[in-house]
Amino acid sequence: MVQVVFDKVRKAFGDTVTIPGLDLVIESGEFVSLLGPSGCGKSTTLRMLAGLEQPSGGRISIGGRDVANLPPAERDIAMVFQSYALYPHMTVAENIRYPLRKRGVPKPEQATRLAEVAALLQLEPLLDRKPRQLSGGQQQRVALGRALVRDPSVFLLDEPLSNLDAALRAHMRAELIELHRRLGKTMVYVTHDQLEAMTMSTRIAVMKDGVLQQFAPPAEIYDRPANRFVAGFIGTPSMALAEATLLRDGGGARLQIGAMMIDLPGRHAAAAPCAVTVGIRPEDIVVGQGPWQALVRLVEPTGHETIVALEAGDLALTARIPGGPRLHAGETVAFDVNRARLHLFAADDGHRLALDITDTTPPRSA
Amino acid sequence: MAEAALPGARLERRDALLGLALIAPTVLVLGAVIVYPLLSAIYLSLFSLYTPTLEGHWVGLANYRAVFGSGGFWSALATTAVWTVGTLTLQVLFGLAMALLLHQNILFRSLARSLVLFPYFLSTVVAVLVWRWLFNDLYGVVNHALMAAGIIDAPVSWLGTMPNAMLSIIVVGAWKFFPFVVIAILARLQTIPEALYEAARIDGAGPVSRFFDITLPQLRDVLTIVILLRTVWDFKEFDLIYLMTGGGPVNGTRTLPLIVYQQAFGLNQMGLAAAHAVAMMLVMLVFMLAYLRRAGGRVA
């Protein structure tokens, strides 16, 4: 079993602390995405795991082995780089065989394993080509092949799909999911693309400014974001976040968002009154009926659904409605919100409030 | 249809004229400074000429018979080859080592990078004066240092005996021209993606492996160009050798350019000098063709 453990790992470049202290346990066979905006420390985290950067403090272990003093080659990891980092003067076959050659694997075994990997990734017709004669997707597969051929316990992937066009990216995403399923190996995947993280991962580690925000399966990240940052970062279009006040109303509670008043189950009254941030996902807004009125600012048809930007007083909302556009910019529509799926965050530090509305409903199936 | 095509055709003709006008200055300048001197050298080589007056008579290929028939040309060619191979090898090895060093994160890196260019920018006359003083057998620093270190017992004549004179000019040539190699290689080193080295580290390559598996193959193109260019330049190097040894002792360091100079201005045989120069050019043509193929191949 190959568990990857970050124990209070700290990284500073000079006086700049990029990762103040990271605790993360990745279980054997998991596909974990490190997700966050640029500069959140996700790549640094991966590079420390690879041994390309030294942590300034804390402990990293792979399969129970402290890797602090192990060079990258001895960590039993393989890495796929964003730029693929294929050796330009070597053929595809030489590229894939290189890690075996450097480890002194006997020639016949090199050939066998090359053949296996080439078959798995459909690289057979390309083996004699140089990297520059390959398309982006083919180079990507060669880079994967070079990682696979050594049969490492942990795969590290640093934004491997970001240089591909949209169609190819979707295709490679599917291939990676399939690959992970077949190999059952631990994979750590760095990305800033939430779609990649959501579709491929068993768990996502959302990071911001070097701090882990939430580490959970994709569905839970989406349905119960741990704080305001995760709520706003995950989901396209993003969740509308608005300042609101939780009020007591007799035995029940009410949420006041600008001029809107929303009745909530009575158990919320315990915390009231207090200031909160309320989060509403685009798909939780019902357009065309409801107690409130909003002005349609913008209509963006995408084909199978339409994204509508709404303005209700000071409150800016984004709604996602199925089908083609039935609305026009400038008209006024009635709308409602799905009360059971509102998200409440503390107004001060943004953490998810335990007396959350969605806590009573099970997360949607993963 | 024909009428409709007319304005387009006129536009094309104007473009063609503009093209000619733009390329004309280059063609004229190249013609004046390269083609004309080349043709006139070939023309002169067919005459027996007295240099100060350039008067003489047609001798046809007699000059070439003299050039290829004399031992002087062939021994000078051999001397030129020794000088070129020797100094070029040192330049490339030292230049490569220095470029690798300056590519590291060393203290005072930018200062060192500027200082390394110093020999290349220093006037050859000044450099040679200093080196002759260093190599002087009576009061030179080199002898003094070697004797102080106990490596030699008596002063060595660095420029007056063979093979010392050849070794000396080879070393000075390497010192003078290695910065060119450093600049070219350093520029290339900086464009090698760091990810290649990281991938190699993960793949299990040590420092030596990384040099031979990544750095050297990545430098192959620039090394080829540098070696070809420096071969041509070292082959026709004149001032450094002339000022250091004047071709001596006897004819020990007399390379082909020195023969050309000697024939033209020492013996006042301009026709014979031109024949030597043309013969030398034929040898260099081999390297130039190799360079052109290399450069042309890169464009394609």
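How many salt bridges are there between chain B and chain A? The count is five, where a salt bridge is a side-chain nitrogen of Lys or Arg within 4 Å of a carboxyl oxygen of Asp or Glu. The views below come from a predicted model, in which local features need pLDDT of at least 70 and side-chain atom pairs count only at pLDDT 80 or more, while totals for chains, interfaces and linings use all residues. Residues are numbered from 1 along each chain as its sequence is written, chains are lettered from A in the order in which they are written, and side-chain values use heavy atoms, with hydrogens and water left out.

**View 1. The interface of chain B and chain A.** Here 15 residues from chain B are in contact with 24 residues from chain A (contact means heavy atoms within 4.5 Å). Together the two chains bury about 1,500 Å², 57% of it on carbon and sulfur atoms; buried area is the accessible area (1.4 Å probe) that two parts lose on being put together, summed over both.

View 2. Look for the salt bridge between the side chains of A:K102 and B:D213, at 3.0 Å from N to O. On chain B, helix 9 (194-203) and helix 10 (207-235) each supply at least two residues of the side that touches chain A. Helix 9 of chain B provides the largest share, eight residues. Helices here are DSSP runs of H or I with at least four residues, and strands are runs of E with at least two, numbered from the N terminus.

**View 3. A:K185 in its loop.** A:K185 sits in the loop between helix 5 (166-183) and strand 8 (186-191) of chain A. Its side chain reaches the backbone oxygen of A:P152 at 3.2 Å. Leaving aside neighbours within four places in sequence, the residues in contact with A:K185 include A:G29, A:E30, A:D151 and A:H180.

Conventions. Polar contact = N/O pair within 3.5 Å; in protein donor to acceptor, adjacent residues only side chain to side chain.
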